[in-house]
Amino acid sequence: MRRLPSLLTAVSLVFGLHLAACGGGDGPGAFDDGPQGDLDTAPPVPGIDTVVSTTAIKAGGEITVQCVGYGFDPQGVRLIVRSQDAPEPPEDALPDPTLPDGVTQTARNLNGTILRFTKADRFLVACYSPDAQMLDDSPARVVVSPATAVAIDTEVDPHELKAGGRINLTCTATDVYGNLITSGLVPSITPSQGVAVSGLSAQMTVAGTYAVACALADTAIVDQTPESVTVLPNLPKKIVTRLTPNPIEAGDATTVTCAALDFYDNPVKDLPLSVYLSSPLLTLAGRSISTTTAGVYSIKCVPQSEDWSLFQLIPANLTVLAGRPVSLELRPVPKKPYYGRNETLRVTAEAHDAYGNLIADAELAPVTMVPSTGIKPVDTNPTGMFLLQEEGLYRLTFRLKAWPDIYADLDIVVEGTGPLLSILFPERGATLTGKPSVTLRGNVADDETGIEVLTVNGIDARNFVKSDGTFTFLLTPIKQGLNTVKVVVQNGAGLKTETGVGFYYSPVYYPNHRNDVAAGLVQQGVRAFLGRDFVDDGDHSLPPDDLATIIEVLLTSLDIGALIPNPVAEAGPYTVLLSNLRFGKPTTQVRLFNGGINVRITIPNFSVNVKAEGTCNFIIDWCPDVSGRVSSSNIMAITDVLIWMDGNGQIHARTQQVQVQLAGLNVELDGLLGTLLGWLIDLLVNTFTNAIEQAVEDQIGSLIDETITDLLNQFEIDETFEIPPILGGKPSAVSLLTKPSHLAVEPEGIWLDMAGTLYAKKAVARNPLGSIGRAACLATNEAPFELPWNSEVSLAAHDDLLNQALFAVWWGGTLNMTITAEDLGDTDLTSYGVENLNVDLDFLLPPILTDCAVPGKIQLQVGDLYVEATLDFLSNPLELGLFIQAAADASLAVVEGDEGPEIAITLDGIPVLDIEIISINPDFPLEKEVLMDLLRSQLINDLLADVAGTELISVAIPAIDLSSLVADLPPGTNLSIDVSKLYRELGFTVIQGKLK
């Protein structure tokens, strides 16, 4: 066979010319016969050779065959064509010129014989001269590959699977001549949602019915009769609660729907579910939930008989709004049958719906007074504070601005001389901001003996009194947090009066608005350091407690064989097919660097059977099929993963170029031929390296990216939890939101700052500036807080966030409560002469936490707590109205809560307690000063001693639910902190520990 003159003829010709040029065989000095002696006069050797125009065509193509040589009649030549795989004809049999199926002779001319091939095969073509009995014994080899596919057939296994499983496709296609096509085929799956394709395999994660077909890559050719594949839900992992409608008004109902979902959020049927109501105020009738009490309630669907911890329970928060107001309740402070001139009166007007729910933001119209003179509204609060100037009987009418038909009247009797002293500003329960300068405004009155003493916080202020009895006094210094004012006045007759007020001051406040949560974010509310052991602690046992182990779990669950395409390569004359892929348990090593992590994945004991089918259109004209085995002691894939946060606070991870190293690679090819095909071994080495690298980069890389992103985004929290009732109070719901605000990845660890806020639905008739900010304790040179990195994990929460927790509990109405003797449990008040106790607490200000009052210590403060109490004291009915200013030393500790560790705020003692009685029933036999001394000596001091060790509130330390990241982990697999240290520094509460 040849495409040029035959090799033998060419070699003979060259060799003959070479000899002739060298003088033939006579040696040096032989006689030269001249030109005639240069001619080769030997007759040509008889022989026949086959020359083809090409050795590789597609079905339907044609080749031209020429028969060249000497000693035969060209006109009588025949072509002998047979499949290369056909049996060899017997040696004594004459060649059969019958053309096989798929081969036809279309023409014969001076250029040769034209053959057309329609069957894909490897054919041998030889020239044969019957007359001369000559047959080319080295026939030409023609490889016919299929033409363009016109029909595709699909086989898929399995036809039914659970979400998260894989299907494998077997694709066959034929051209117009019926030739089989096995390469260049890809899956076409409709719909595509939840489908991840790799080679001829696809992972299916969304339940439903799919049309699965094979298609020709980069064309519109696809199997028109696709296979149907049904994806069923996997095992249930989540139980989700949905409420419709939400919110509702008090007295209305919502419908609860429970749904069990698998890891991929597919609904799972036939899991019996029930509804758990966290509050006794809710009523469940079938699927309908109703209540007449406004608030936010957590509704949770749960399994009826299974262990709750096996599932991720996702509750819904039912918001119940107050209805239309139907009444207006007035609460005068002080509450007395009559008042004296120059006394101040504070009135709280609370609107309620038909069920008694407070409508916290109901706005009042201007208060009307009859007669219109004699009582003056105070400018800073004209609908809630009044100065009683003249004697008389007055009717004050309070009316809702939006509902003028809702109103209430308050009758006031003013007679006789009132107190010598009234404070007009700051009013009770004030929150102040701006410059740290507050001017006290008040009024003193004594028409007969004059004022001899006036002190403000112990400083003489007589010179600041004007002729009309008003005075102003600059309060200094102003502190962050609670500021108390004590004013004492004494007239010429020796009558002494004192009063006080408490207010909060800070340059920074955080508003509490459920409709504008971002306005209340504390930018560095939570700070976290995740050390090297968080990334890889070297111990990859289960359950996972580091990133490396999580990645290993993912790799172990992957079908790596399905990630490598099959055929894995088509290069040169060979198509390389795989089968029976095996490997050991993958392991990982993770290392931090500036800006990301380095991941090393080792896949041990890798082996796969290979078959290389040759098509002989590459390098040499003879290429047998080769089979064998490729193995590697381990395959190491090394990649860098960049980690960063964008301007919107979203964390991203992206795998970079993957480097693959195959250690101990061994390619075993069958037979002697394997040792000759070094180029094929190189092909297999390069092919496997590239295929594994692509699999890691496309599939494993994306899993690593998603896992890191999801893991770090677990620090973004948005959940609502219920605050149980305190003593005689009511429950409330507090929402927590954290969002990443800064991210830095360094060799020592990952630094993550989070903006955070806590907020609640308003349930108090107060309008402070917001939750108080620490504001560096008003210092201009406070050193920045440095988060420690000498432990596996460090978490720090700022006081501003802790104060938001206290504010939210107060804002939700939990602290405003009624306390009876039964609520005090084992505390026996009868030994103190107290019976029939009923106490109403009205916190005009939220409790706050600060370390600014006493450097190095943390203090819990409360200003202007108003208390109305009715009781029998020493067998006498007593009605009291009093204000309390208090500062309590507090400590923080880690306690074990229902769902993990929590930071608890505990009261240690109350070093500051200022109680001012502002009203007492006239028939009580003791003056208020005597009563106060008696209460202190016989009741209050003992109660204060009992306060030590009382836990006020606890805040959960968040845990990461790993089962929400990795499908194969059991539900409830959490990553939490084993706390080893808790301390305070620069307004931060810091916990350090290890992951568990």
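Mentor: Please do, and bear in mind that this is a predicted model. Let us begin with C127, which counts as buried because its relative accessibility is 0%, and buried means under 20%.

Trainee: What makes C67 and C127 a disulfide?

Mentor: Their sulfur atoms lie 2.0 Å apart, and the cut-off is within 2.5 Å, so the pair qualifies. The bond joins C67 in strand β3 to C127 in strand β7, 60 residues apart.

Trainee: Why is this disulfide of C67 and C127 called left-handed?

Mentor: The torsion about the S-S bond is about -90°, so the disulfide is left-handed.

Trainee: Why is C67 called partly exposed?

Mentor: Its relative accessible area is 23%. Partly exposed covers values between the buried limit of under 20% and the exposed limit of over 50%, so C67 belongs in that class.

Trainee: How do you know that C777 and C852 are joined by a disulfide?

Mentor: The S to S distance is 1.9 Å, and the limit is within 2.5 Å, so the pair counts. C777 lies in the loop between β59 and β60 and C852 in the loop between β63 and β64, so the link ties together parts 75 residues apart in sequence.

Trainee: Is C852 buried or exposed?

Mentor: C852 has 18% relative accessibility, so it counts as buried, the limit being under 20%. C777, at 25%, is partly exposed.

Trainee: Why does V150 count as exposed?

Mentor: V150 has 55% relative accessibility, and exposed means over 50%, so the label holds.

Methods
Residues are numbered from 1 along each chain as its sequence is written. This is a predicted model: local features need pLDDT of at least 70, side-chain atom pairs count only at pLDDT 80 or more; totals for chains, interfaces and linings use all residues. Side-chain values use heavy atoms; hydrogens and water are left out. Buried means under 20% relative accessible area, exposed over 50%, partly exposed in between (1.4 Å probe, protein chains only). Helices (H or I, at least four residues) and strands (E, at least two) are DSSP runs, numbered from the N terminus.
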